[in-house]
Amino acid sequence: MIAAPLARYIRYWYTYRIAVAVVIALVLTGVMYFLYTQQLTCDARQTGCVVNLSVHPEDRFATQYDPGKPQDAVVIVGIDDSSVQTLKQYPLPRRYYAQALENLQKAGAIVVAYDIGFTDPSGDDDKTLAAAFAASKVPVVLAYANGDAQVVNGKVVQQGLDQIPLRSLRCADANADSNAACTSPYPNVVLASTDLILDQDGVLRRIPLSVQPACFLNTTCSTAALDTFGFAAYRPFQLGQDFQTGPDLSVSNGTATFGQAWSAPVDGSGSILVNFSGPPGNFEINHHYLSFDKVVSGNFDADQVKDKIVMIGAYGLTGVHDEQLVTTSFSGNPTLLMAGVEIHANVVQMLLNAVSNSITRSRFVNAEPPWVLLVLLLLLGLATGVGVARVTVLWGLLGAVGALVLFTFGMSALATFNNWVPDLFHPWLAIALTYSGVTAYRFLYEDREKRKVTALFGHYLKPEIVDQLAKTRGGVDDILRGGERRDISLFFVDIRGFTSMSESMAASDVTEVVQMYLDHLSGIIFTWDGTIDKYVGDEIMAFWNAPRQQEDHALLAIRCAYDCINRAHELQERLLAKGLPPIRYGIGINTGPAVVGNMGSRSRLQYTALGDTVNTAARFCAHAPAFQVLIGQQTYEMCRDYIAVDLVPGVQLKGKSAETFRIYDVTAIRQTPDSPWVQFPTQLATQSHHTYTAQYTQQTVIAAGESGSRDILVGQEAQDALARQAQSPN
């Protein structure tokens, strides 16, 4: 059987803010991790993409560097607007590409890669270009792209129309069938894929290292996989003249491996994250760029290409849209697109620096492991939830914002030193939603319960106690669960002789006297943490030890009574200032069991107390002389170390045994059991009342005289009347 306190915690778990915060944090951690895995799946174009939510704020934190450092081994030859204006023709005749290859070889280039589609015949210039390729002493990489590459069964596959380069540009054996398999390829000509797979938000962040060509599906070639364009240019640069027989790139089990040189993690499609050196145009900005027309004419410095990989392609050419958004496109204003040839140049630059050395770290970047992100989400969610639950909403907001800032800069620093591309969005969302969830709970549940408690007890209790009750587990339903029997101390007070006094007063004066009296005594009752039950005419009913527990409830009631009598002169003074008569009141206090709860009809409920203890306290009050306090036996027993009393003789309450039922008049009180006694202020209050009564009578006489009333004689008339009374025989 579950212990009562534990059962209560379990029953009202939803009322414990920290417990709710932990539940919210755990649920949101699970949701955020699911969204993260969905982002990975969708960006990799794998099956199982259900929620397509691709958000990458980490792009804004991409580092920038000179692509020529530490290895200045890549240069772009761009077919730009100035080249077309100089050569005065577009599309460019293919003899220009042959001339460029010849000039680059003379200048000492090691690899020449054409990011240009040589897919359609172009007359005699094709023979010139084919001869140049056949005679080339350096490796030549030709782009083999497809406009509709898709991820199929974990690999990138070219689909649709086959756009393989012209057979004559890559094969030494002549064949009238352009789709025939190449049996004698040019030794230095390499085909490579320039296919790109964009993330779901249209940004290029990764590039497939291996692509299955369309010719393999069409059975017109036996090559099952093409290297990506950048790797195809990098491989002969690394292997030298023996590149045809050197190790190949292997992609399997989530890892890409190049011989013994390096290995790197890849995603589910065999794609690797690209570490871009900077924004679009970074190669040109750092002087690793030549215009194509200068290379064709030979008007360039050979040192710019000597011992380097040269990549030729469209670069900002008007009307040619071989460009994409990349992670560094957003680092400036406006957002820029990166030319396809520069994308592949960045891949080459990353591969050239794949192995860390004394000068620089490895340029490979990778996402943090999923389990690391799961732990981060869990820690951030729990820390945010518990922290927000323990402070005010405003401090919680400041803490959540601080956590976002610290996490962002902390992860950026870790990413910089560990070559991570951190996932920022899902931790951000976890922090924000956890804060929002806990705050919403506080407003929707706690504030609703607080409003209910305030509406119910706001008229009976002072605001501080109402706030404490609002924090009760289970809310109003727990406070008022069907009523309960408990020991309470009842307090009744009413005005002596008020009925006869009110009959001779104007209605407005009666109302004002009662209002001032109720305000004054209610404030004192609230000061002593009492609960005001009701007002019945000039009578006030209050009690202690409900709805909240108060161990010294009887003593609190008596101290409140002392204060009511001791401060009676304050009320008399205010009444006199308004020309109203002073009043006297008696107090009755009784302690014992009573039923406390929300009671009444279906249309009107009230929090009140019922029982014999209540009735007895009311009867004590009825018998109490002015400015005296009558208490019962149990009240005395609970306070006997703090009060002195006199037994009240000759008072017999109906239904009570005189032998067993005693009534006491409180005569003195003290702060602690060892403190000196303080006389109960009954006599002082009585004397004060007499004084204020005399002053009120004098005010009344003066007011009557000034008003010209004939009922009261003033001055000489009063002296004459007194003289006549003295001479009268009566």
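This is a predicted model: local features need pLDDT of at least 70, side-chain atom pairs count only at pLDDT 80 or more; totals for chains, interfaces and linings use all residues.
Two packed helices are described by the angle between their axes and the distance between the axes. On the H4 side, the contact is made by Arg94, Arg95, Tyr97, Ala98 and Leu101, and H5 contributes Asp125, Asp126, Thr128, Leu129, Ala132 and Phe133. Sorted by class, the contact of H4 with H5 holds six nonpolar, one polar and four charged residues.

The second pair joins helix H17 (residues 507-527) to helix H18 (residues 553-566), with an angle of about 145° and axes 9 Å apart. H17 and H18 cross in a right-handed sense. Here Leu521, Ile524 and Ile525 of H17 meet Cys560, Asp563 and Cys564 of H18. Five of these contact residues are nonpolar, none is polar and one is charged. H17 itself has 21 residues and spans 30 Å from its first C-alpha to its last, close to the 30 Å expected at 1.5 Å a residue. Its buried residues include Leu521, Ile524 and Ile525, the very residues of H17 that meet H18. Also among the buried residues of H17 are Val510, Val513, Met516, Tyr517 and His520. After H17 comes aspartate 529, with a positive phi near 60°.

The loop between helix H3 (81-87) and H4 contains proline 91, which is joined to tyrosine 90 by a cis peptide bond with omega of about 0°. Lysine 88 lies in the loop between H3 and H4 as well, and its phi is near 55°, a positive value in a residue other than glycine. With a relative accessibility of 71%, lysine 88 is exposed. Another cis peptide bond runs from alanine 546 to proline 547, with omega near 5°; proline 547 sits in the loop between strand E21 (539-544) and H18.

Asparagine 153 also has a positive phi, about 55°, although it is not a glycine. This asparagine is found in the loop between strand E4 (149-152) and strand E5 (155-158), where asparagine 153 is exposed at 78% relative accessibility.

Serine 291, in contrast, is buried, with a relative accessible area of 12%. Serine 291 belongs to strand E15 (residues 289-291). Setting aside neighbours within four places in sequence, serine 291 is in contact with Val77, Gly78, Asp80, Ser82 and Ser83.

Methods:
Residues are numbered from 1 along each chain as its sequence is written. Side-chain values use heavy atoms; hydrogens and water are left out. Axes are lines fitted to C-alpha atoms, for helices over the stretch in contact, and angles run from 0 to 180 degrees between N-to-C directions. Helices (H or I, at least four residues) and strands (E, at least two) are DSSP runs, numbered from the N terminus. A crossing is left-handed if the near helix is turned anticlockwise from the far one by less than a right angle, and right-handed if clockwise. Contact means heavy atoms within 4.5 Å. Ala, Val, Leu, Ile, Met, Phe, Trp, Tyr, Cys and Pro count as nonpolar, Asp, Glu, Lys and Arg as charged, and the others, Gly among them, as polar. Buried means under 20% relative accessible area, exposed over 50%, partly exposed in between (1.4 Å probe, protein chains only). The expected span of a helix is 1.5 Å times one less than its number of residues.
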